[in-house]
Amino acid sequence: MSAKPLLTSILAFALSVSAAQAPLPPLSPVILRALNEIRPSELKGDLSFLASDLLAGRYTPSPGLDVAAEFIASKFRAFGLKPGGEQDYFQ
């Protein structure tokens, strides 16, 4: 399955689940910008990297896990997302 139909299926499922719950507040401009920047080719590249043998299974603890965590945090930083805690993106 290519990334676009998979992403569409995931979003459709998420919307159907959230429809049964209370309405969500409007999305912030930062979140909207991030959502508008998602491209199937980039998503496939990111997922391929995170699933690659280069990260050696991402055992806890492991260098592969640290690389994966930093990779995801770098994506959050690039979109201007702020960490939820006081320790950057890592807890």
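Predicted model: local features only at pLDDT ≥ 70, side-chain atom pairs only at ≥ 80, totals over all residues.
Is Glu 70 buried, partly exposed or exposed, and what is its relative accessible area? I looked it up: Glu 70 is partly exposed, at 36% (buried is under 20% relative accessible area, exposed over 50%, partly exposed in between, with a 1.4 Å probe and protein chains only).

Residues are numbered from 1 along each chain as its sequence is written, and side-chain values use heavy atoms, with hydrogens and water left out.

Next I went through the salt bridges (a side-chain nitrogen of Lys or Arg within 4 Å of a carboxyl oxygen of Asp or Glu). I got three. Glu 70 pairs with Arg 77 at 2.8 Å, N to O. Arg 77 also pairs with Asp 88, with the closest N and O atoms 3.0 Å apart. Shared partners join Glu 70, Arg 77 and Asp 88 into one network.

The other bridge I checked is Asp 46 with Lys 75, at 3.4 Å between the closest N and O atoms. That pair links distant parts of the chain, 29 residues apart: Asp 46 is in helix 3 and Lys 75 in helix 4 (helices are DSSP runs of H or I, at least four residues, numbered from the N terminus).

Last stop was the loop between helix 3 and helix 4, where I found Ser 52. Ser 52 counts as buried at 17% relative accessibility. Ser 62 is in that loop too, and is buried at 12%.

Terms used:
Helix = DSSP H or I, 4+ residues; strand = E, 2+ residues; numbered from the N terminus.
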